[in-house]
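This briefing concerns the structure shown below.

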Amino acid sequence: MIVTSALRLAAAGSAAMLLVLSAPVTGAATPPRSPAAAPLLAPGSATEPTPPARRFVDPARLDRPGTQVQPLAGAPAVPSPSALSWVVADADTGEVLAARAAHRRLPPASTLKTLFALTALPQHEASERHTVADEELTGIGEGSSLVGVKEGYTYRVSDLWNGVFLSSGNDAVHVLASMSGGWESMARQMQEKARSLGALDTHVVSPDGYDAPGQVSSAYDLAVFGRAGVRDPEFTRYCSTAYADFPAGSWSYGIANTNRLLTGADGVGRYPGLIGVKNGYTSNAGNTLVAAARRGDRTLVVSVMNPQSGGGLAVYEEARELLDWGFEAAGRVRPVGSLLPPTSPEARAETKAAGAADARAVSVRGGAGAPAAGPARAGAVEETGGPSVALPLSLVGSACAAALVLWAWRRRVPRP
């Protein structure tokens, strides 16, 4: 009789437990609520972690007309440069913070030298010496900017790079290209380098950036090149050098960087924390500029192509406005694109990290079998799964086991 009662009590308790645990739980499988409804749990709490933010959005957004920016609460108003195309991006993460006509293909002028440097810098040591041959200085475009390279003179590679970055010397570019496979080979190498960086708007004809039929780039691609450059210490050392001595046989003369934001020349104020990168001008391209600056632990890169008003120095002031805005807008805008190519190790690492964060959030919310996390929809409420059936079953099993133990014990105890 006692055993029977124990079994009945165990069965009743298990049934009651099943009924209690299978009943709907507040917040589980709740129908979608209006956007004004309060959240189910406070964001960031131990039981409801904030969903991982999607760092990058549809890259096609950068193909849309007009200024592209996604401001959050408290974001400063985005400037309105007169340039035909511009981009402002975070140089560390690659996030594009704002842009206008980012993929518009335009002549790049000497800002294309950024791609030349990315391609040719690794091929020679800075201390290497080279004696210039006459044929290495042939084919330089009329009206090109020159640093003063002379045939028969011997230069260190570092001297030639100072000529490229500070004086935008097409003569120095011709010599370095000759040392690196020749003019046509260098154009092909640069094209391959651009594609490897995800810069698909650039078509290289003349490695020095001199106007040539079909030679184009874009503000997006120039920002890609600038970002890659400032992540290279050697590139950064050259592009941030304001003044240097250039050899001329037994003597030397001083050269100054033509980037006015770096030197403060011609009445353009120096930009605090400026790293470089490269300016350019031709009658066809107008004024172009890639600039990068660091403030605290944040580095920004901007590209500006062909301002339509304000004169020849407007490119610097428009870049200044974009840099100022970018630093002020830190954390107050959502990115409208990325400078990272989809197949790059960095992009794959970002995707993997985001996936791991999604998996952790799903694990906390719904446990095994919960739906995969996806981009949040406006006004949508994420549903959470109900309690697992494993717990009630384990309790039933435990109750039954206890009843069997009691029954066995009762049989072994001798009756009086």
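How many aromatic pairs does a search of the whole structure find? The search finds 9 aromatic pairs, where rings of Phe, Tyr and Trp (its six-membered ring) pair if their centres lie within 6.5 Å, and planes under 30 degrees apart count as stacked, over 60 as edge-to-face and the rest as tilted. The model is predicted: local features need pLDDT of at least 70, side-chain atom pairs count only at pLDDT 80 or more, and totals for chains, interfaces and linings use all residues. Residues are numbered from 1 along each chain as its sequence is written, and side-chain values use heavy atoms, with hydrogens and water left out.

**Aromatic pairs**

- The pair Phe116 and Trp161 is tilted, because the ring centres are 5.4 Å apart and the planes stand at 40°.
- Phe116 belongs to helix α2 (residues 113-120) and Trp161 to helix α3 (residues 157-165), so this pair ties together parts that are 45 residues apart in sequence; helices (H or I, at least four residues) and strands (E, at least two) are DSSP runs, numbered from the N terminus.
- Phe116 is buried at a relative accessible area of 0%, and Trp161 is buried at 1%; buried means under 20% relative accessible area, exposed over 50%, and partly exposed in between (1.4 Å probe, protein chains only).
- Trp251 and Tyr253 also form a tilted pair, with ring centres 5.7 Å apart and planes at 50°.
- Trp251 is exposed at 54% relative accessibility, whereas Tyr253 is partly exposed at 24%.

**Cluster and charge**

- One aromatic cluster is formed by Phe116, Trp161, Phe165, Phe235 and Tyr238.
- Arg237 lies over the face of Tyr238, 5.3 Å from the ring centre; a charge sits over a ring if NZ of Lys or CZ of Arg is within 6 Å of the ring centre and within 35 degrees of the ring normal.

**Helix α6**

- Helix α6 (residues 219-230) has 12 residues and should span 16 Å at 1.5 Å a residue, which agrees with its end C-alpha atoms being 16 Å apart; the expected span is 1.5 Å times one less than the number of residues.
- Of the 12 residues of α6, 11 are buried, including Tyr220, Asp221, Phe225 and Arg227.

**Overall fold**

- The protein has 11 helices and 13 strands.
- Buried residues account for 44% of its 416 residues.
- Of the contacts (heavy atoms within 4.5 Å) between residues at least 6 apart in sequence, 65% join residues at least 24 apart.
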